[in-house]
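Colleague: I am new to reading protein models. Can we walk through this one together, step by step?

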Amino acid sequence: MNRLLLVSNRLPYTLARKESGFDIKPSAGGVATGLGSIHKSSDSIWVGWCGLSRDRLKGHEEEIQKRLAEERCHTVFLSKYDIENYYFGFSNKTIWPLFHYFPLYTVYSKNFWDSYVRANQAFCDEVVKMAKEGDIIWVHDYQLMLLPRMIREKLPDATIGFFLHIPFVSSEVFRLLPWRREIVEGLLGADLVGFHTYDYVRHFNESVRRVVGYEHSFGYITAEDRIVRVDAFPMGIDYKQFSTAGGLDEVGARVKEIRKQVGDTRIILSIDRLDYTKGIPPRLEVFDLFLEKHPEYRGKVTLILVAVPSRTGVEHYRLLKRRVDELVGRINGKYGSIGWMPVWYLYRSVPFEKLMALYTLADVALVTPLRDGMNLIAKEFVAAKTDGKGVLILSEMAGAAKELGEAIIVNPNNKDEIVDAMVQALTMPEYDQIERNRVMQNRLARYSVGGWVGDFMSRLEGVKLLQKERGVRRLTGKATEELLAGYAVAEKRLILLDYDGTLVPFSDWPRKARPSGDVIPLIKGLADDERNEVVIVSGRDKETLEEWLGALNVGLVAEHGVWVKERGGDWRMVGSLKDDWKSQVRPIIELYVDRTPGSFVEEKSYSLTWHYRKADPGWGSLRARELRDDLADLTENLALGVLEGSKVIEVKDVTINKGQAVSRWLAAGDRDFILAAGDDWTDEDMFNALPESAYTIKVGSGASKARFNLDTYRDVMALLKKLKEQSCAA
Ligand code: GDG
């Protein structure tokens, strides 16, 4: 098993300054708890922040790293300013509220963002320093969303996984973020991006599609240079720990202690970090309503409310604390009596034994977050109920609701529904409680935190294998050397190049894809070598090709072969083609233009093309399917083909294709070196027409007849540059 490099904002240990030296304590929270057990049981190194700013550690850096190294941890040093702006700022005032559907709490600040970039860079530097070949780098959570891409830039072949512990919002909310592109690109630096639920996966895929235009299919996103897997991995708990700890003596002692204090009432339990996403004030309002509507439970039920202090430096959290204090005071004042306090309120973190004692004692767990990535408390409560007795009331807005369907599932905004759920829970027959809990327990035992890690790791391995398979044909190293050697000795070379997507990137409007500054000199340099014949084989109209490339000493093919221009010659049409079909087809395409904002029709002499790159992606592909069907019916009896390309549907004469077009250059004499590059389906005809010895190159990662592939037009340009250098050197 390869070594694991865990990376998260916080280390599982937090440092505090003492009068002399430092104190080291375990950190609290979902990520620390979940990953802590993996860290303990495996050969891993954990890179994260230790909780103190760089200034406070000054002069003790080595000592601290040494102390942390004993726990297989390594700290990142951050300035006070960056902690303020990256952690309390961008992470907790921008991403956290936005990703939990609190857009009104979201602060958009350039300073926060700059610190976020800087802090991610600081993490990257440490990870790169620590990483060894073969390590699996696993980055966690929303504070480090730029990190996968940053690491990838430094270590291109690294195995990188990313897991988001909070929800991924709907693309409609995500698009509010000014830095949405950077975030998506940052995440796509990973090989595998994991979320708790399939909903988050869907939202992420849709955001990727809208923000950077990459399509997804069957769990894979084809990014510019690589395939990235995106999947759901509902995080589990250390089931064994939670299902056995009830038997510990310390826990038993705590159970007795609490029972003595609370008295002989039924117990409803509520435990969370004090966070506005957890819905604590509405939960207290529900409890108030419950006591009001059901006076028969007064004196018979106690709510134990544990609120763990969190992010106390952030304004919304301070206000929240005040609101909770008020509500607890109000309820206790309104219903309390001597001998019965309706709400037992603990504003602090409790030790594990006490947590277990509370799980053991509670008749009902009231887990009603307004939004929650997963919620481990719900799972821990169920696991702790070894006798099967106890009822979980769970918000449908928590990721855990997807797995714990046997709980009483409620809408956290529907107070009456929750009150009814509380009554249902308090009166539920024992056999029903046991039956529900057993089903959930079996599920939690099967997919414990260990299972979660194993599942993530095997998917990560899977995507690496797939990348390798796809990369086998990649034109790198040895194959490039062979190609260059073949080129060097050849005397009659033919170089066939597609234009869009091969020499230049796609742009929103075809007219905008003019040859960039280096394309013309490069092609010219190649064409100047007498041993070379260069042909640009394009689907574009001849007027555009003439305008952009006409001055070069190259052959040109327009409209996929309708028009051909040999070096020094004039444009000629191939065969006799008809265009009278256009009047029948055009109105249908125009109808789709009207119905699909952002799309348009391009008319060439013997073809009509519907472009939808600028349309809404989902809508565009739906309409494309409809248009293709409509056109297929219409063109059935005509010699026309309806072809689908990269965000285009094209109707043209079926007898015309790039393969047929390039055959005249093949027939023109023996070639001792042929290179052809293209990125889409129309280029496949060209590859098919060439002899096996030709260097055929597919740009992009899709299936192809080509012998090799390159990732992007940039790689094609780099290859052509090498050829040109050889030509010049000769
Ligand atoms: C984030 C996401 C997602 C809590 N109080 C005490 C205590 N805890 C432990 C619990 C549990 C963990 O902390 C809390 O986890 P949650 O999942 O409920 O919540 P977040 O901290 O918000 O975590 C969340 C999680 O990441 C994992 O991906 O589920 O949705 O927001 O394990 O046991 N432990 C002790 N004393 C406490 O007072 N000992």
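Colleague: What share of the contacts with a separation of 6 or more comes from residues 24 or more positions apart?

Modeller: Keep in mind that this is a predicted model. Take the contacts in the protein with a separation of 6 or more. Residues 24 or more positions apart account for 71%.

Colleague: How many helices and strands are there, and what percentage of the residues is buried?

Modeller: The secondary structure comes to 26 helices and 29 strands. The protein has 730 residues. Its C-alpha atoms fill a box of roughly 105 × 65 × 45 Å along the principal axes. Of the residues, the buried share is 55%.

Colleague: Let us take helix α23. What distance apart are its end C-alpha atoms, and what span should its residues give?

Modeller: Helix α23 runs over residues 617-635, which is 19 residues. At 1.5 Å a residue, the helix should span 27 Å. That agrees with the distance between the end C-alpha atoms, 26 Å.

Colleague: Which residues of α23 are buried, and what arc do they cover?

Modeller: The buried ones are Pro617, Gly620, Arg623, Ala624, Leu627, Leu631 and Thr635. They lie on the same side of α23, because around the axis they cover an arc of only 115 degrees.

Colleague: Why do residues three or four places apart point the same way in an α-helix?

Modeller: Count the residues in one turn. Three or four places along is about one turn, so the direction repeats. The number behind this is 3.6 residues a turn.

Colleague: Which elements cover the buried residues of α23?

Modeller: Helices and strands both take part. The helices include α9 (198-211) and α22 (582-595). The strands include β24 (607-611), β25 (640-645) and β26 (648-653).

Colleague: At the start of α23, which residue has a side-chain oxygen that reaches the backbone nitrogen of Gly618?

Modeller: Look at the start of the helix. The oxygen comes to within 3.1 Å of that nitrogen. The residue is Asp616.

Colleague: Is Lys379 buried or exposed?

Modeller: Lys379 is found in helix α15, residues 376-384. Leaving aside neighbours within four places, its contacts include Pro234, Met235, Glu403 and Leu444. Its relative accessibility is 0%, so Lys379 counts as buried.

Colleague: Which residues of α3 are buried, and which are exposed on the other side?

Modeller: Helix α3 spans residues 61-69, and Ile64, Gln65 and Leu68 are buried. These buried residues fall within an arc of 95 degrees, so they line one face of the helix. What covers them includes β2 (13-17), β3 (22-26), α2 (54-57) and β5 (73-75). On the other side of α3, the exposed residues are Glu62 and Lys66.

Colleague: What is phi of Arg72?

Modeller: Arg72 sits in the loop between α3 and β5. Its relative accessibility is 28%, so Arg72 counts as partly exposed. Arg72 is not a glycine, although its phi is positive, at about 55 degrees.

Colleague: What is phi of Tyr101 near?

Modeller: Tyr101 is in the loop between α4 (80-99) and α5 (110-130). At 27% relative accessibility, Tyr101 counts as partly exposed. Its phi is positive in a residue other than glycine, near 60 degrees.

Colleague: Which residues form a cluster through ring pairs?

Modeller: The structure holds 35 aromatic pairs. Some ring pairs link up into a cluster. Its members are Tyr86, Phe90, Trp113, Tyr116, Phe123 and Trp179.

Colleague: Over which rings do the charged ends of Arg707 and Arg493 sit?

Modeller: The charged end of Arg707 is 5.1 Å from the centre of the ring of Tyr695. For Arg493, the distance to the ring centre is 3.7 Å, and the ring is that of Tyr487.

How values were computed:
Residues are numbered from 1 along each chain as its sequence is written. This is a predicted model: local features need pLDDT of at least 70, side-chain atom pairs count only at pLDDT 80 or more; totals for chains, interfaces and linings use all residues. Side-chain values use heavy atoms; hydrogens and water are left out. Rings of Phe, Tyr and Trp (its six-membered ring) pair if their centres lie within 6.5 Å; planes under 30 degrees apart count as stacked, over 60 as edge-to-face and the rest as tilted. A charge sits over a ring if NZ of Lys or CZ of Arg is within 6 Å of the ring centre and within 35 degrees of the ring normal. Helices (H or I, at least four residues) and strands (E, at least two) are DSSP runs, numbered from the N terminus. The expected span of a helix is 1.5 Å times one less than its number of residues. Buried means under 20% relative accessible area, exposed over 50%, partly exposed in between (1.4 Å probe, protein chains only). The arc is that of the directions from the helix axis to the C-beta atoms. Contact means heavy atoms within 4.5 Å. A polar contact is a pair of N or O atoms within 3.5 Å; within protein, one must be able to donate a hydrogen and the other to accept it, and residues adjacent in sequence count only if both atoms are side-chain atoms.
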